[in-house]
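Trainee: I would ask for a close look at a single part of this model, followed by an account of its surroundings.

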Amino acid sequence: MSGGPVVAAPAPGRGPDEATARRRFATVSFLFWFPIGMSIATGVLLFTERGMGLAAIAGFYAVHSLTAAAMELPTGGLSDVIGRRPVLAIAGLLNLAAFTLVGLGAAGWAIALGMGLMGLARALSSGPAEAWYVDTVHAHAGPDADLRTGLARGGSATSAALALGTLLGGGLPWLLGLVPGLAEWLADATGGLVIPLSVPALLGALVEVVFVLYVLSALTEPTRPRAGVRGVVGGVPAAIAAGLRLGARDALIRRILLTASAAGAALAAMELLTPGRAAALMGTAESGALVFAGLACAGFLCSALGSQLAPLVARFAGSSERAVLVSLGLVTFGLTLLGLTAHSMSPLATATAVTGYGLVYLGLGAAGPNENDLLHRRVDASGRATALSVQSLSLQLVAAGAGLAAGTLPPGPLPWLLAATAVLAGALLWLRRAAPAKPLLRSDQRGHGELPPENTTPSTPSTAPASGGTAGQLPDTETQETRPHARPL
(Lines give C-alpha, C1' and ligand atoms only; values in the text may rest on other atoms or scores of the structure.)
Protein backbone atom coordinates (compact mmCIF):
# COMPACT_ATOMS: atom_id res chain seq x y z
CA MET A 1 0.00 0.00 0.00
CA SER A 2 1.05 3.62 -0.30
CA GLY A 3 3.84 4.46 2.00
CA GLY A 4 4.65 0.80 2.56
CA PRO A 5 8.19 -0.43 2.89
CA VAL A 6 10.26 -0.67 -0.25
CA VAL A 7 11.78 -4.13 -0.61
CA ALA A 8 13.66 -5.88 -3.34
CA ALA A 9 11.80 -7.95 -5.88
CA PRO A 10 12.51 -11.69 -6.01
CA ALA A 11 15.70 -12.43 -7.87
CA PRO A 12 15.43 -14.45 -11.08
CA GLY A 13 16.61 -18.04 -10.83
CA ARG A 14 14.99 -18.77 -7.46
CA GLY A 15 12.02 -20.90 -6.51
CA PRO A 16 10.36 -23.73 -8.48
CA ASP A 17 11.58 -23.90 -12.06
CA GLU A 18 9.28 -23.23 -15.01
CA ALA A 19 8.53 -26.89 -15.74
CA THR A 20 7.59 -27.54 -12.12
CA ALA A 21 5.41 -24.42 -12.00
CA ARG A 22 3.61 -25.47 -15.20
CA ARG A 23 2.96 -28.95 -13.87
CA ARG A 24 1.61 -27.72 -10.53
CA PHE A 25 -0.57 -25.07 -12.18
CA ALA A 26 -2.06 -27.66 -14.56
CA THR A 27 -2.69 -30.08 -11.67
CA VAL A 28 -4.43 -27.43 -9.57
CA SER A 29 -6.56 -26.40 -12.56
CA PHE A 30 -7.61 -30.01 -13.18
CA LEU A 31 -8.43 -30.76 -9.54
CA PHE A 32 -10.53 -27.62 -9.16
CA TRP A 33 -12.66 -28.08 -12.29
CA PHE A 34 -13.07 -31.87 -12.26
CA PRO A 35 -15.78 -31.91 -9.52
CA ILE A 36 -17.59 -29.06 -11.27
CA GLY A 37 -17.61 -31.08 -14.48
CA MET A 38 -19.19 -34.01 -12.64
CA SER A 39 -22.05 -31.78 -11.50
CA ILE A 40 -22.91 -30.46 -14.98
CA ALA A 41 -24.75 -33.50 -16.31
CA THR A 42 -26.74 -34.33 -13.17
CA GLY A 43 -27.43 -30.95 -11.51
CA VAL A 44 -30.90 -30.23 -12.86
CA LEU A 45 -31.96 -33.89 -12.70
CA LEU A 46 -30.84 -34.19 -9.08
CA PHE A 47 -32.80 -31.12 -8.03
CA THR A 48 -35.85 -32.38 -9.90
CA GLU A 49 -35.56 -35.74 -8.15
CA ARG A 50 -35.53 -33.87 -4.84
CA GLY A 51 -38.93 -32.41 -5.75
CA MET A 52 -37.86 -28.95 -6.88
CA GLY A 53 -39.73 -27.17 -9.67
CA LEU A 54 -38.09 -25.42 -12.60
CA ALA A 55 -38.57 -21.98 -11.03
CA ALA A 56 -36.77 -23.11 -7.88
CA ILE A 57 -33.95 -24.69 -9.90
CA ALA A 58 -33.52 -21.46 -11.88
CA GLY A 59 -33.33 -19.66 -8.54
CA PHE A 60 -30.57 -21.97 -7.32
CA TYR A 61 -28.44 -21.22 -10.37
CA ALA A 62 -29.19 -17.51 -10.00
CA VAL A 63 -27.85 -17.66 -6.43
CA HIS A 64 -24.64 -19.18 -7.79
CA SER A 65 -24.21 -16.62 -10.58
CA LEU A 66 -25.05 -13.56 -8.49
CA THR A 67 -22.78 -14.63 -5.64
CA ALA A 68 -19.88 -15.21 -8.04
CA ALA A 69 -20.41 -11.86 -9.75
CA ALA A 70 -20.81 -9.90 -6.50
CA MET A 71 -17.68 -11.37 -4.92
CA GLU A 72 -15.41 -11.40 -7.99
CA LEU A 73 -13.51 -8.18 -7.30
CA PRO A 74 -13.39 -8.34 -3.48
CA THR A 75 -11.95 -11.86 -3.55
CA GLY A 76 -9.42 -10.93 -6.23
CA GLY A 77 -8.21 -8.15 -3.99
CA LEU A 78 -8.09 -10.54 -1.04
CA SER A 79 -5.70 -12.80 -2.96
CA ASP A 80 -3.41 -9.86 -3.65
CA VAL A 81 -3.37 -9.04 0.08
CA ILE A 82 -3.06 -12.37 1.91
CA GLY A 83 -1.59 -14.61 -0.79
CA ARG A 84 -2.60 -17.07 -3.49
CA ARG A 85 -2.35 -20.34 -1.54
CA PRO A 86 -4.64 -19.51 1.39
CA VAL A 87 -7.34 -18.12 -0.90
CA LEU A 88 -7.28 -21.25 -3.09
CA ALA A 89 -7.43 -23.47 -0.01
CA ILE A 90 -10.46 -21.55 1.25
CA ALA A 91 -12.09 -21.98 -2.16
CA GLY A 92 -11.55 -25.72 -1.95
CA LEU A 93 -13.06 -25.91 1.55
CA LEU A 94 -16.10 -23.91 0.40
CA ASN A 95 -16.58 -26.27 -2.54
CA LEU A 96 -16.25 -29.23 -0.18
CA ALA A 97 -19.14 -27.86 1.88
CA ALA A 98 -21.07 -26.90 -1.26
CA PHE A 99 -20.92 -30.31 -2.92
CA THR A 100 -21.84 -31.99 0.37
CA LEU A 101 -24.91 -29.76 0.75
CA VAL A 102 -25.94 -30.24 -2.89
CA GLY A 103 -25.44 -34.01 -2.73
CA LEU A 104 -27.26 -34.56 0.55
CA GLY A 105 -29.62 -31.58 0.74
CA ALA A 106 -33.29 -32.39 0.41
CA ALA A 107 -34.54 -28.93 1.42
CA GLY A 108 -34.47 -25.89 -0.83
CA TRP A 109 -32.52 -23.76 1.66
CA ALA A 110 -29.72 -26.36 1.84
CA ILE A 111 -29.38 -26.51 -1.95
CA ALA A 112 -29.47 -22.72 -2.23
CA LEU A 113 -26.79 -22.42 0.45
CA GLY A 114 -24.67 -24.98 -1.37
CA MET A 115 -25.01 -23.11 -4.67
CA GLY A 116 -24.13 -19.84 -2.96
CA LEU A 117 -21.00 -21.37 -1.43
CA MET A 118 -20.08 -22.75 -4.85
CA GLY A 119 -20.43 -19.29 -6.37
CA LEU A 120 -18.22 -17.81 -3.65
CA ALA A 121 -15.62 -20.51 -4.28
CA ARG A 122 -15.78 -19.75 -8.00
CA ALA A 123 -15.05 -16.08 -7.31
CA LEU A 124 -12.20 -16.94 -4.97
CA SER A 125 -10.58 -19.24 -7.52
CA SER A 126 -10.78 -17.01 -10.60
CA GLY A 127 -7.28 -15.56 -10.30
CA PRO A 128 -5.01 -16.93 -7.55
CA ALA A 129 -3.77 -20.11 -9.28
CA GLU A 130 -2.81 -18.31 -12.47
CA ALA A 131 -1.35 -15.42 -10.49
CA TRP A 132 0.76 -17.93 -8.51
CA TYR A 133 2.03 -19.48 -11.74
CA VAL A 134 3.01 -16.13 -13.26
CA ASP A 135 4.61 -14.91 -10.02
CA THR A 136 6.63 -18.14 -9.77
CA VAL A 137 7.84 -18.06 -13.37
CA HIS A 138 8.80 -14.39 -13.08
CA ALA A 139 10.68 -15.07 -9.84
CA HIS A 140 12.61 -17.93 -11.43
CA ALA A 141 13.25 -16.65 -14.96
CA GLY A 142 12.49 -12.92 -14.91
CA PRO A 143 9.66 -10.86 -16.39
CA ASP A 144 10.48 -11.78 -20.00
CA ALA A 145 9.92 -15.51 -19.47
CA ASP A 146 7.47 -17.31 -21.75
CA LEU A 147 4.03 -17.56 -20.15
CA ARG A 148 1.93 -18.86 -23.02
CA THR A 149 3.01 -22.49 -22.70
CA GLY A 150 2.05 -22.75 -19.03
CA LEU A 151 -1.17 -20.78 -19.49
CA ALA A 152 -2.06 -23.07 -22.39
CA ARG A 153 -1.45 -26.17 -20.30
CA GLY A 154 -3.58 -24.77 -17.50
CA GLY A 155 -6.40 -24.09 -19.96
CA SER A 156 -6.04 -27.58 -21.42
CA ALA A 157 -6.13 -29.13 -17.94
CA THR A 158 -9.30 -27.17 -17.14
CA SER A 159 -11.01 -28.29 -20.34
CA ALA A 160 -9.90 -31.90 -19.88
CA ALA A 161 -11.23 -31.88 -16.31
CA LEU A 162 -14.61 -30.56 -17.46
CA ALA A 163 -14.78 -33.10 -20.30
CA LEU A 164 -13.85 -36.08 -18.14
CA GLY A 165 -16.00 -34.86 -15.26
CA THR A 166 -19.05 -34.42 -17.51
CA LEU A 167 -18.71 -37.97 -18.86
CA LEU A 168 -18.18 -39.47 -15.42
CA GLY A 169 -20.94 -37.43 -13.79
CA GLY A 170 -23.42 -38.36 -16.50
CA GLY A 171 -22.45 -42.03 -16.68
CA LEU A 172 -22.01 -42.90 -13.00
CA PRO A 173 -25.70 -42.72 -11.98
CA TRP A 174 -26.59 -44.76 -15.08
CA LEU A 175 -24.00 -47.40 -14.15
CA LEU A 176 -25.23 -47.51 -10.55
CA GLY A 177 -28.77 -48.00 -11.84
CA LEU A 178 -27.68 -51.17 -13.63
CA VAL A 179 -26.93 -52.86 -10.28
CA PRO A 180 -30.18 -54.49 -9.05
CA GLY A 181 -31.39 -53.07 -5.76
CA LEU A 182 -28.44 -50.67 -5.28
CA ALA A 183 -30.51 -47.48 -5.52
CA GLU A 184 -33.01 -48.74 -2.97
CA TRP A 185 -30.23 -49.86 -0.63
CA LEU A 186 -28.53 -46.45 -0.81
CA ALA A 187 -31.80 -44.65 -0.06
CA ASP A 188 -32.71 -46.97 2.84
CA ALA A 189 -29.23 -46.85 4.39
CA THR A 190 -29.06 -43.06 4.34
CA GLY A 191 -32.67 -42.15 5.03
CA GLY A 192 -33.16 -41.07 1.42
CA LEU A 193 -30.26 -38.60 1.46
CA VAL A 194 -28.08 -40.52 -1.00
CA ILE A 195 -29.48 -41.51 -4.39
CA PRO A 196 -27.58 -42.42 -7.57
CA LEU A 197 -27.93 -38.88 -8.93
CA SER A 198 -26.27 -37.44 -5.82
CA VAL A 199 -23.20 -39.68 -6.03
CA PRO A 200 -21.29 -37.40 -8.48
CA ALA A 201 -21.64 -34.42 -6.12
CA LEU A 202 -20.47 -36.47 -3.12
CA LEU A 203 -17.56 -37.83 -5.12
CA GLY A 204 -16.75 -34.22 -6.02
CA ALA A 205 -16.58 -33.39 -2.31
CA LEU A 206 -13.91 -36.07 -1.87
CA VAL A 207 -11.91 -34.62 -4.77
CA GLU A 208 -12.02 -31.24 -3.03
CA VAL A 209 -10.15 -32.76 -0.08
CA VAL A 210 -7.39 -33.80 -2.47
CA PHE A 211 -7.44 -30.31 -4.03
CA VAL A 212 -6.96 -28.55 -0.68
CA LEU A 213 -4.14 -30.86 0.39
CA TYR A 214 -2.35 -30.40 -2.94
CA VAL A 215 -2.68 -26.62 -2.83
CA LEU A 216 -1.25 -26.44 0.68
CA SER A 217 1.68 -28.72 -0.16
CA ALA A 218 2.57 -27.75 -3.74
CA LEU A 219 1.87 -24.04 -4.22
CA THR A 220 4.85 -22.71 -2.30
CA GLU A 221 5.20 -18.93 -2.18
CA PRO A 222 7.26 -16.44 -0.18
CA THR A 223 6.23 -15.80 3.38
CA ARG A 224 4.17 -12.62 3.46
CA PRO A 225 3.96 -10.15 6.30
CA ARG A 226 1.20 -11.11 8.69
CA ALA A 227 -2.00 -9.50 7.40
CA GLY A 228 -4.19 -8.30 10.24
CA VAL A 229 -7.79 -7.26 9.96
CA ARG A 230 -6.79 -3.65 9.42
CA GLY A 231 -4.39 -4.59 6.61
CA VAL A 232 -6.94 -6.74 4.81
CA VAL A 233 -9.75 -4.22 5.18
CA GLY A 234 -7.50 -1.42 3.97
CA GLY A 235 -5.77 -3.35 1.19
CA VAL A 236 -8.69 -5.05 -0.53
CA PRO A 237 -10.66 -1.87 -1.37
CA ALA A 238 -7.50 -0.31 -2.79
CA ALA A 239 -6.96 -3.34 -5.02
CA ILE A 240 -10.62 -3.25 -6.12
CA ALA A 241 -10.45 0.45 -7.00
CA ALA A 242 -7.29 -0.11 -9.00
CA GLY A 243 -8.89 -3.05 -10.80
CA LEU A 244 -11.85 -0.91 -11.84
CA ARG A 245 -9.43 1.64 -13.32
CA LEU A 246 -7.68 -0.93 -15.49
CA GLY A 247 -9.63 -0.40 -18.68
CA ALA A 248 -9.67 3.37 -18.36
CA ARG A 249 -5.90 3.69 -17.95
CA ASP A 250 -4.56 1.19 -20.52
CA ALA A 251 -5.84 0.66 -24.08
CA LEU A 252 -4.50 -2.90 -24.31
CA ILE A 253 -6.19 -3.99 -21.09
CA ARG A 254 -9.38 -2.32 -22.31
CA ARG A 255 -9.22 -4.54 -25.40
CA ILE A 256 -8.73 -7.62 -23.25
CA LEU A 257 -11.76 -6.78 -21.08
CA LEU A 258 -13.94 -6.10 -24.14
CA THR A 259 -12.77 -9.37 -25.66
CA ALA A 260 -13.75 -11.19 -22.47
CA SER A 261 -17.19 -9.59 -22.79
CA ALA A 262 -17.48 -10.87 -26.37
CA ALA A 263 -16.51 -14.35 -25.20
CA GLY A 264 -19.26 -14.11 -22.58
CA ALA A 265 -21.84 -13.39 -25.29
CA ALA A 266 -20.64 -16.43 -27.26
CA LEU A 267 -20.73 -18.76 -24.26
CA ALA A 268 -24.21 -17.56 -23.25
CA ALA A 269 -25.56 -18.41 -26.69
CA MET A 270 -23.87 -21.81 -26.68
CA GLU A 271 -25.08 -22.82 -23.22
CA LEU A 272 -28.62 -21.51 -23.65
CA LEU A 273 -29.44 -22.56 -27.20
CA THR A 274 -27.58 -25.83 -27.75
CA PRO A 275 -29.59 -28.06 -25.33
CA GLY A 276 -32.86 -27.11 -27.06
CA ARG A 277 -31.43 -27.90 -30.47
CA ALA A 278 -30.20 -31.27 -29.22
CA ALA A 279 -33.64 -32.10 -27.76
CA ALA A 280 -35.38 -31.06 -30.98
CA LEU A 281 -33.01 -33.23 -32.99
CA MET A 282 -33.55 -36.32 -30.84
CA GLY A 283 -37.25 -35.82 -30.19
CA THR A 284 -37.20 -36.15 -26.38
CA ALA A 285 -35.66 -34.15 -23.57
CA GLU A 286 -33.94 -37.22 -22.07
CA SER A 287 -32.24 -38.20 -25.33
CA GLY A 288 -31.39 -34.57 -26.00
CA ALA A 289 -29.74 -34.29 -22.58
CA LEU A 290 -27.60 -37.34 -23.33
CA VAL A 291 -26.56 -35.90 -26.71
CA PHE A 292 -25.82 -32.54 -25.12
CA ALA A 293 -23.57 -34.18 -22.50
CA GLY A 294 -21.55 -35.80 -25.28
CA LEU A 295 -21.46 -32.56 -27.25
CA ALA A 296 -20.38 -30.57 -24.20
CA CYS A 297 -17.58 -33.07 -23.60
CA ALA A 298 -16.46 -32.66 -27.21
CA GLY A 299 -16.57 -28.87 -26.80
CA PHE A 300 -14.35 -29.01 -23.71
CA LEU A 301 -11.88 -31.21 -25.60
CA CYS A 302 -11.83 -28.71 -28.47
CA SER A 303 -11.15 -25.95 -25.95
CA ALA A 304 -8.30 -28.02 -24.50
CA LEU A 305 -6.85 -28.51 -27.99
CA GLY A 306 -7.17 -24.79 -28.69
CA SER A 307 -5.30 -23.97 -25.48
CA GLN A 308 -2.51 -26.36 -26.45
CA LEU A 309 -2.28 -24.75 -29.89
CA ALA A 310 -2.22 -21.19 -28.51
CA PRO A 311 1.61 -20.80 -28.57
CA LEU A 312 1.72 -22.23 -32.11
CA VAL A 313 -1.02 -19.83 -33.25
CA ALA A 314 0.95 -16.92 -31.78
CA ARG A 315 4.12 -17.97 -33.61
CA PHE A 316 2.20 -18.46 -36.85
CA ALA A 317 0.37 -15.12 -36.54
CA GLY A 318 3.46 -13.24 -35.45
CA SER A 319 2.33 -12.06 -32.00
CA SER A 320 -0.14 -12.71 -29.21
CA GLU A 321 -2.29 -9.81 -30.45
CA ARG A 322 -2.60 -11.29 -33.95
CA ALA A 323 -3.27 -14.70 -32.41
CA VAL A 324 -6.28 -13.29 -30.55
CA LEU A 325 -7.57 -11.81 -33.82
CA VAL A 326 -7.25 -15.15 -35.64
CA SER A 327 -8.83 -17.10 -32.78
CA LEU A 328 -11.83 -14.78 -32.45
CA GLY A 329 -12.29 -14.96 -36.22
CA LEU A 330 -12.62 -18.73 -35.83
CA VAL A 331 -15.22 -18.25 -33.08
CA THR A 332 -17.19 -15.86 -35.31
CA PHE A 333 -17.15 -18.40 -38.16
CA GLY A 334 -18.38 -21.18 -35.85
CA LEU A 335 -21.27 -19.10 -34.50
CA THR A 336 -22.22 -18.14 -38.05
CA LEU A 337 -22.38 -21.81 -39.04
CA LEU A 338 -24.65 -22.50 -36.06
CA GLY A 339 -26.90 -19.61 -37.05
CA LEU A 340 -27.17 -20.59 -40.71
CA THR A 341 -28.21 -24.16 -39.80
CA ALA A 342 -30.67 -23.22 -37.03
CA HIS A 343 -33.79 -23.99 -39.10
CA SER A 344 -32.66 -27.32 -40.55
CA MET A 345 -32.17 -30.81 -39.11
CA SER A 346 -30.86 -32.48 -42.24
CA PRO A 347 -27.71 -34.60 -41.86
CA LEU A 348 -25.65 -31.97 -43.68
CA ALA A 349 -26.98 -29.13 -41.52
CA THR A 350 -26.43 -31.18 -38.35
CA ALA A 351 -22.85 -31.98 -39.31
CA THR A 352 -22.25 -28.32 -40.13
CA ALA A 353 -23.70 -27.24 -36.78
CA VAL A 354 -21.53 -29.72 -34.88
CA THR A 355 -18.50 -28.40 -36.77
CA GLY A 356 -19.46 -24.85 -35.84
CA TYR A 357 -19.86 -25.87 -32.19
CA GLY A 358 -16.35 -27.33 -32.15
CA LEU A 359 -14.85 -24.28 -33.88
CA VAL A 360 -16.32 -21.93 -31.27
CA TYR A 361 -14.65 -23.78 -28.40
CA LEU A 362 -11.43 -24.31 -30.36
CA GLY A 363 -11.18 -20.56 -31.01
CA LEU A 364 -12.00 -19.58 -27.43
CA GLY A 365 -9.41 -22.06 -26.16
CA ALA A 366 -6.72 -20.59 -28.42
CA ALA A 367 -7.59 -16.97 -27.61
CA GLY A 368 -7.47 -17.29 -23.81
CA PRO A 369 -3.74 -17.99 -23.19
CA ASN A 370 -2.69 -15.31 -25.68
CA GLU A 371 -4.96 -12.70 -24.07
CA ASN A 372 -3.67 -13.53 -20.62
CA ASP A 373 -0.05 -13.50 -21.82
CA LEU A 374 -0.64 -9.88 -22.84
CA LEU A 375 -2.47 -9.10 -19.59
CA HIS A 376 0.30 -10.43 -17.35
CA ARG A 377 2.88 -8.33 -19.15
CA ARG A 378 0.79 -5.24 -18.37
CA VAL A 379 0.24 -5.73 -14.63
CA ASP A 380 2.53 -6.69 -11.79
CA ALA A 381 2.28 -9.14 -8.91
CA SER A 382 0.57 -6.67 -6.57
CA GLY A 383 -2.59 -6.60 -8.70
CA ARG A 384 -2.41 -9.69 -10.90
CA ALA A 385 -5.27 -11.62 -9.27
CA THR A 386 -7.39 -8.46 -9.20
CA ALA A 387 -6.84 -7.99 -12.94
CA LEU A 388 -7.92 -11.58 -13.61
CA SER A 389 -11.01 -11.00 -11.49
CA VAL A 390 -11.93 -7.90 -13.52
CA GLN A 391 -11.54 -9.98 -16.68
CA SER A 392 -13.73 -12.75 -15.29
CA LEU A 393 -16.32 -10.23 -14.12
CA SER A 394 -16.51 -8.72 -17.61
CA LEU A 395 -17.23 -12.15 -19.06
CA GLN A 396 -19.83 -13.09 -16.44
CA LEU A 397 -21.81 -9.87 -16.56
CA VAL A 398 -22.07 -9.81 -20.35
CA ALA A 399 -22.87 -13.52 -20.41
CA ALA A 400 -25.78 -12.92 -18.04
CA GLY A 401 -27.16 -10.06 -20.13
CA ALA A 402 -26.61 -11.90 -23.42
CA GLY A 403 -28.36 -14.96 -22.05
CA LEU A 404 -31.40 -12.94 -21.07
CA ALA A 405 -31.45 -11.27 -24.48
CA ALA A 406 -31.10 -14.55 -26.37
CA GLY A 407 -33.94 -16.03 -24.34
CA THR A 408 -36.34 -13.27 -25.39
CA LEU A 409 -35.53 -13.50 -29.11
CA PRO A 410 -37.48 -15.84 -31.40
CA PRO A 411 -35.72 -19.18 -31.99
CA GLY A 412 -33.74 -19.43 -35.17
CA PRO A 413 -30.65 -17.80 -36.66
CA LEU A 414 -31.00 -14.36 -35.01
CA PRO A 415 -29.62 -15.16 -31.52
CA TRP A 416 -26.66 -16.99 -33.02
CA LEU A 417 -25.88 -14.23 -35.50
CA LEU A 418 -26.10 -11.54 -32.83
CA ALA A 419 -23.55 -13.47 -30.77
CA ALA A 420 -21.37 -13.80 -33.87
CA THR A 421 -21.60 -10.04 -34.38
CA ALA A 422 -20.49 -9.39 -30.80
CA VAL A 423 -17.46 -11.65 -31.22
CA LEU A 424 -16.63 -10.08 -34.59
CA ALA A 425 -16.65 -6.66 -32.93
CA GLY A 426 -14.25 -7.99 -30.32
CA ALA A 427 -11.98 -9.40 -33.03
CA LEU A 428 -11.85 -6.11 -34.90
CA LEU A 429 -10.36 -4.45 -31.82
CA TRP A 430 -7.15 -6.37 -32.52
CA LEU A 431 -6.61 -5.16 -36.08
CA ARG A 432 -4.30 -2.42 -34.80
CA ARG A 433 -1.36 -3.20 -32.57
CA ALA A 434 -1.34 -1.57 -29.17
CA ALA A 435 1.26 1.06 -28.39
CA PRO A 436 4.41 -0.45 -26.84
CA ALA A 437 4.54 -0.35 -23.08
CA LYS A 438 6.64 2.39 -21.51
CA PRO A 439 8.96 1.61 -18.62
CA LEU A 440 7.88 2.65 -15.16
CA LEU A 441 9.70 5.50 -13.51
CA ARG A 442 11.69 4.40 -10.54
CA SER A 443 10.38 5.68 -7.24
CA ASP A 444 13.42 7.96 -6.91
CA GLN A 445 12.68 9.60 -10.27
CA ARG A 446 9.19 10.88 -9.55
CA GLY A 447 7.63 12.93 -6.83
CA HIS A 448 5.66 11.54 -3.95
CA GLY A 449 2.28 10.30 -5.21
CA GLU A 450 3.19 10.77 -8.90
CA LEU A 451 1.63 8.08 -11.04
CA PRO A 452 3.51 6.09 -13.67
CA PRO A 453 2.61 6.97 -17.28
CA GLU A 454 -0.30 5.33 -19.08
CA ASN A 455 0.11 2.15 -21.10
CA THR A 456 2.88 0.96 -18.86
CA THR A 457 4.15 -2.48 -18.12
CA PRO A 458 6.07 -3.37 -15.01
CA SER A 459 9.78 -3.55 -15.40
CA THR A 460 11.98 -5.28 -12.90
CA PRO A 461 13.46 -2.47 -10.85
CA SER A 462 15.43 -3.31 -7.79
CA THR A 463 12.82 -1.66 -5.63
CA ALA A 464 9.08 -1.61 -5.86
CA PRO A 465 7.33 1.75 -6.16
CA ALA A 466 6.10 2.98 -2.85
CA SER A 467 2.89 4.30 -4.27
CA GLY A 468 0.98 4.50 -7.47
CA GLY A 469 -1.85 2.96 -9.35
CA THR A 470 -2.33 2.58 -13.06
CA ALA A 471 -3.18 -0.34 -15.21
CA GLY A 472 0.44 -1.33 -15.21
CA GLN A 473 1.09 -0.73 -11.52
CA LEU A 474 -1.77 -1.39 -9.16
CA PRO A 475 -1.59 -0.19 -5.57
CA ASP A 476 0.95 -2.18 -3.66
CA THR A 477 -1.36 -4.41 -1.70
CA GLU A 478 1.33 -6.99 -1.02
CA THR A 479 4.89 -6.30 0.03
CA GLN A 480 7.49 -8.03 -2.13
CA GLU A 481 9.62 -10.43 -0.11
CA THR A 482 13.39 -10.27 -0.22
CA ARG A 483 13.53 -13.98 0.45
CA PRO A 484 13.36 -16.30 -2.60
CA HIS A 485 10.51 -18.67 -3.23
CA ALA A 486 10.90 -21.97 -1.49
CA ARG A 487 12.44 -24.82 -3.43
CA PRO A 488 10.00 -27.61 -4.42
CA LEU A 489 9.89 -30.47 -1.99
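Are R84 and D135 buried or exposed?

Mentor: The model is predicted, so local features need pLDDT of at least 70 and side-chain atom pairs count only at pLDDT 80 or more, whereas totals for chains, interfaces and linings use all residues. Residues are numbered from 1 along each chain as its sequence is written, and side-chain values use heavy atoms, with hydrogens and water left out.

R84 and D135 are both buried, where buried means under 20% relative accessible area, exposed over 50% and partly exposed in between (1.4 Å probe, protein chains only). Their side chains meet in a salt bridge at 2.9 Å, N to O; the term requires a side-chain nitrogen of Lys or Arg within 4 Å of a carboxyl oxygen of Asp or Glu. The structure holds one salt bridge. The pair links distant parts of the chain, with R84 in helix α4 (residues 84-104) and D135 in helix α6 (residues 128-141), 51 residues apart. Helices (H or I, at least four residues) and strands (E, at least two) are DSSP runs, numbered from the N terminus; the protein has 17 helices and zero strands.

Consider next Y133. Leaving aside neighbours within four places in sequence, Y133 is in contact with A21, R22, F25, D146, L147, G150 and L151, contact meaning heavy atoms within 4.5 Å. Y133 is also among the residues with the most contacts inside the largest nonpolar core, which has 85 residues. Such a core is a set of buried Ala, Val, Leu, Ile, Met, Phe, Trp, Tyr and Cys residues joined through side-chain atoms within 4.5 Å. F211 and W430 are also listed with the most contacts inside the largest core. R255 lies over the face of W430, at 5.8 Å from the ring centre; the criterion is NZ of Lys or CZ of Arg within 6 Å of the ring centre and within 35 degrees of the ring normal.

Rings of Phe, Tyr and Trp (its six-membered ring) pair if their centres lie within 6.5 Å, with planes under 30 degrees apart counted as stacked, over 60 as edge-to-face and the rest as tilted. The structure holds six aromatic pairs. One of them, F300 with Y361, is edge-to-face, at 6.4 Å centre to centre and 75 degrees between the planes. Because F300 lies in helix α13 (residues 285-317) and Y361 in helix α15 (residues 347-376), the pair ties together parts that are 61 residues apart in sequence. Both F300 and Y361 are buried.
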